[in-house]
Amino acid sequence: MTVHVTSPSPSLPPPASSVGVIGWLRENLFSSVTNSIFTLIGLFLIYKLVPPAVNWALFQADWVGTTRDACTSDGACWVFVGVRIKQFLFGFYPPSEYWRVVTAFSMVGVLIAWLLIDRTPKKALVGAFTIFVYPVIAYFLFYGGAFGLPVVETYKWGGLMLTLILATTGMFFSFPIGIILALGRRSSMPIAKSISVVFIEFWRGVPLITVLFMSSVMLPMFIPEEMQIDKLLRAMIGIIFFQSAYMAEVVRGGLQAIPKGQSEAAEALGLSYWKSMTFVILPQALKLVIPGIVNTFIALFKDTTLVLIIGLFDLLAVVQAAFADPKWLGFSVEGYVFVASVYWVSCFSMSRYSQHLEKKLHTGHAR
Amino acid sequence: MTAAQAEQHNSDEVMVELRDVNKWYGDFHVLKNINLKVTKGERIIICGPSGCGKSTLIRCMNRLEEHQKGDIIVSGITLDDDLKHIDTVRRDIGMVFQQFNLFPHLTVMENCCLAPIWVQKKPRREAEATALQYLERVQIADQASKFPGQLSGGQQQRVAIARSLCMNPSIMLFDEPTSALDPEMIKEVLDVMVDLAHEGMTMLCVTHEMGFAKTVANRVLFMDAGEIIEENEPNEFFDNPQSDRTKLFLSQIL
């Protein structure tokens, strides 16, 4: 006769070797002979590389001073960066007008933070302000020419300021243009479709360097003197078109991943094409391709360094120019490390925010 | 709505009329000379083997599919290339899909309010009140703030029905509404549909639920290879099928 147990047996704690520090080490670092060897090699490399790098950059570095004589130790000479920092940030913008740049960036910083942080009120209003009003304010702050602000020609713009202006305008315009192009490419209307396809394939098929070079060297030859457009503006348009093409393909990937039933359901409810796109398809498609969108943004941000070939002094170009200063010869490593860390911090922040956004927008549907 | 009112709705007013409708997918002739008249309050069940064109037939009625020949007239409006006609018809005709097709990024409540707010231009409050009323009717009001992904298949399908009803349609199309459901969830969806039928809704339903067909249908259509082969009252249809193809089909599914 068999015995039927009616109550479930109690859960037992897991064996000690599978939990805690030892369990973690065993599972992740020493799970097999090969893995143990790799772990040891890794530890050895960390030991060999990290302490010297930290020593150079932090503990043995020189931080204060005004001339190269302050740099006496073996470590990095951050005095170089410190002395030049204003130029690195503002390029050749007149120092008396620095406040305008600072104001413009502080404003956009507050606006973006307002929009990105979850618990702030009146997001729609602030968003509309950021999209429609802020760009006008920023234009007059940076360029001047109204409200008693003296004009600062764009050739004086440079450094981190120029990098950020190029990157934010690039993102600001390439995102909506990319969405329109992606919709156009999937449209059943032949004209919209062919325009989109030609645009995307053209801009995606040429290197950004060529685009910038054409915009700064070739274009002026074909346009009469009085119709010349500002060089920075031409570069901006080049970057925007180039990145829009990439953005369009990323967004198209998302659109294609949405099941046909979604747009059918929207149609059956009587939603028009644009309403169905706005409320049903795009929110889902864009959410799916957040990694791709951020990838494109990060690429765009770093690609702005290419403007140095057409003589615009972005952050990298300004720092490289400083290497030529006879008083500061030989500090290129510090300069490059500084530039690299600025780029890394910016790109890493974008990446982290995108991960947060993905989690926040996940509504638990299985697909 | 009372039963008496529901009776009154069974008038001769023609809600959907198809005249010699033909449709091709490329070379494939999927609908052949379909003629059909649906009067107000009628409940019509469409069945047939897979690929016979039954889904295509009802999807033509709200222009999710385009027919190439013949006329489709819904609530007095002819479906043609005029987008205004299509819009008007779609506002008056609700549809429930096999795969539910709820919008996964919106809550149940938002799913129900989207079209009333943006198509009918109802104020949000009013739309939400209506939605709640319909969600209560399909007994799912307590889940209103959840996302579709958190609901079972049967619950999702009931939300989909409520979402269609929120537009206050006078005709409902059901495209195999229970085919994607686990057996124990089929009943909860069918119960909702039976209620709807008793209230006098004009319904066209593609389904293989023959018990349901017997309970609610006024007419059963049997389709095969793009044609309506047989059309009869449910009892006659099941007990006394005329054509051989119908007999074969019924012997396979019953």
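Begin by selecting B:Lys37, which sits in strand 2 (residues 28-39) of chain B, where helices (H or I, at least four residues) and strands (E, at least two) are DSSP runs numbered from the N terminus. This is a predicted model, in which local features need pLDDT of at least 70 and side-chain atom pairs count only at pLDDT 80 or more, while totals for chains, interfaces and linings use all residues. Residues are numbered from 1 along each chain as its sequence is written, chains are lettered from A and ligands numbered from 1 in the order in which they are written, and side-chain values use heavy atoms, with hydrogens and water left out.

B:Lys37 counts as partly exposed because its relative accessibility is 46%; buried means under 20% relative accessible area, exposed over 50%, and partly exposed in between (1.4 Å probe, protein chains only). Not counting residues up to four places away in sequence, B:Lys37 touches B:Val14, B:Val16, B:Glu17, B:Glu42 and B:Arg219, contact being heavy atoms within 4.5 Å.

Next, display the open sheet of chain B, whose six strands run in the order 6-7-8-3-9-10 with mixed pairing; two strands pair if DSSP finds at least two bridges between them. Its edge strands, each pairing on one side only, are strand 6 (93-96) and strand 10 (227-232) of chain B. Strand 9 (residues 219-224) of chain B pairs with strand 10 of chain B in the antiparallel sense over five bridges, and B:Asp224 stands opposite B:Glu227 in strand 10 of chain B.

Two loop residues of chain B can be selected next. B:Ser75, in the loop between strand 4 (69-74) and strand 5 (77-78) of chain B, has a phi near 50°, a positive value in a residue other than glycine. B:Lys121, in the loop between helix 4 (108-118) and helix 5 (124-137) of chain B, has a positive phi of about 60° although it is not a glycine.

Finish in chain A with A:Arg234, which lies in helix 9 (residues 231-257) of chain A. A polar atom of the A:Arg234 side chain lies 2.7 Å from the backbone oxygen of A:Ser215.

Definitions and conventions
Polar contact = N/O pair within 3.5 Å; in protein donor to acceptor, adjacent residues only side chain to side chain.
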